[in-house]
Amino acid sequence: MSFMDAFERGMEKILVPVAMKLNSQIHVSAIRDAFILSFPIVMASSLIILINFAILSPDGFIASLLHLGAIFPHLSDAQQIFTPVMNGSVNIMAILITFLVARNIAISFQQDDLLCGLTAIGAFFVVYTPYTVIDGQAYMTTKYLGPQGLFVAVIVAMISSEIFCRLARNPKVTIAMPDAVPPAVARSFKVLLPICLVMMLFSVANYLLTKISPDGLNDLIYTLIQAPLKNMGTNIVTVLVLGVVSNFLWMLGIHGPNTVAAIRETIFSEANLENLSYAASHGATWGAPYPITWSGIYDAFANCGGSGMTLGLLLAIFIASRRKDYRDLAKMAFIPGLFNINEPVMFGLPVVLNPVLIIPFILVPFVNSLIGYFFITLEIIPPIAYAVPWTTPGPLIAFFGTGGNWLALLVGILCLIVSTLIYLPFVIAANKVNSASAAE
C-alpha cells in the first residue's frame, strides 16, 4: 500500500466521521449555510473588486500588461464608480451573517425565522462598539460591520437565537392574539416578550462588558487576539505564526488578514520600505537588508489565490473532485482566484468552518513559506523587495518582486504545485463525506 493510499484511508477512517457529525450539528450547519447563502453577494463584490484593481487601477496586473494607464490618463478615476459596492456587500458582512445564522437556527427549531434573525441584528448592535460623539453628533464606527466583526456576529447570533427559540416555545412567555387580528400583527405579538427578554439580556451583558472594555465586545475580542502577537520581529517564526493565526481565524469565519493587519503592518512596513529603498539605489534586490518579511515570504510564496493558497485547492478540485457543487463553484471562483480574490471559495464552498479543509488550509501556506525561506536564505533567488499589487497572479509576485528573476518564478510555480498535491487527499476525503451523507 502506498503512502497516499494509507493516508487516504486514514483520512476516511478518522476525519470523515468527525466531519459528518460536525456537518449535521445544528449550529455548525447554521453557520455554514449562512456563508453559503451570502455567497452571491460576495461573488458579485469579488468580481467588482477584480475589475476595480486589476483593470481600472493603473498599476493593476491587466492594466500594467496592456499599458491602460498610458492610453487612459484618468483611468483610476473610474474606480470611484464601483468602490461604494463594497459598502453593500463585504463591508456589512457581519450584519448579513448575524441575520442568516440566527434565521437558520430558528428554522431548525421550527420557530419564527424572520423575527429571530431581526432580533439577532438588534442584539448585535446592542453590544456593538459605542458611538463616538463629536461636536454633538454621534458617529458609529464601521470597522466591525465587515469581516472583522464576523466572530462576534456568529456568537451573538447563536446566543440570541437559542434564547429566542427556547422562549418562543414556552406558552407562558408568548402572547396569543384572537383570530380576528391580522396574521402579521399576531405574528409580531406572539414573540414580543421573547424579543424583549433577549434585548434586555444583551443590554445587561453589554453594560457589564463596558466595565471591562469601554469600547465594547468587538474591541475586547480584537485586543485579546492581537495581544499575544506583539513584540515580534522580521524573521521566519513571525511570518509562520502570523500565517497560522491568520488562517485559523479565517476558518472560524473571522477575516484573518484584516484581523492581524495592524500587527503585521507595524512589524513589516519599515522593513519593506528599507528593502525598496535598497533596491532603488542598487538596481537589484540581492543584498536587501530584510530578506524575511511578510510580503517577501508569505505574499510571494504562500498566498497564491488568496489566504490558504486556495488556487491550489481549486486545481485539486478540478483534478480529483467528483462533487458537482465543488466543481461548479471552482469554475466560478477560478478567475477571481487567479487574481488572489478567494471570498467565493471561502464563503461559497465553503472553506470557513469546513472540518475537512481546516488542516490543508493552515498547512499549505506553512509549507510554502518554508519553501520560499529555503530558496531565499540559501541565496538561490534574491529577496522580494519591489512592491507588487496584491491582485497580481500568485506565481508572478515573486517574479516581479525580485525585479524579474526567472528562477523566482519557477519557485512560485513549485509552491503552487506543492499546494495542489497537499490539497488533493483532502478533496478526495470531501468526496467520501458527500458519498457517505448521500447514502444515509
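Reader: Which residues of α16 are buried?

Author: Buried means under 20% relative accessible area, exposed over 50%, and partly exposed in between (1.4 Å probe, protein chains only). In α16 the buried residues are W294, G296, I297, Y298, A300 and F301. Since six of the eight residues of this helix (residues 294-301) are buried, α16 is largely enclosed by the rest of the structure. The model is predicted: local features need pLDDT of at least 70, side-chain atom pairs count only at pLDDT 80 or more, and totals for chains, interfaces and linings use all residues. Residues are numbered from 1 along each chain as its sequence is written, and side-chain values use heavy atoms, with hydrogens and water left out.

Reader: What does the protein chain come to in helices and strands, and how much of it is buried?

Author: Helices (H or I, at least four residues) and strands (E, at least two) are DSSP runs, numbered from the N terminus. The protein chain has 22 helices and two strands. Of its 440 residues, 50% are buried. Among contacts (heavy atoms within 4.5 Å) with a separation of 6 or more, 72% join residues 24 or more positions apart.

Reader: How do the axes of α7 and α9 lie?

Author: Axes are lines fitted to C-alpha atoms, for helices over the stretch in contact, and angles run from 0 to 180 degrees between N-to-C directions. The axes of α7 (residues 93-108) and α9 (residues 150-168) come within 8 Å and cross at roughly 30°. Angles under 35 degrees count as roughly parallel, over 145 as roughly antiparallel, 65 to 115 as roughly perpendicular and the rest as oblique. The two helices are therefore roughly parallel to each other.

Reader: Which residues in α7 and α9 meet?

Author: From α7 come M93, A94, I97, T98, V101, A102, I105 and A106; from α9 come L150, A153, V154, A157, M158, S161 and C165. This contact has 13 nonpolar residues, two polar and no charged (Ala, Val, Leu, Ile, Met, Phe, Trp, Tyr, Cys and Pro count as nonpolar, Asp, Glu, Lys and Arg as charged, the others, Gly among them, as polar).

Reader: Where is S213, and is S213 buried or exposed?

Author: S213 is in the loop between α11 (192-212) and α12 (217-226). S213 is buried, with a relative accessible area of 7%. Leaving aside neighbours within four places in sequence, S213 is in contact with D219 and L220.

Reader: How much helix is there over residues 149-168 and over residues 300-320?

Author: Residues 149-168 are 95% helix and 0% strand, with the end C-alpha atoms 28 Å apart. Residues 300-320 are 62% helix and 0% strand, with the end C-alpha atoms 26 Å apart.
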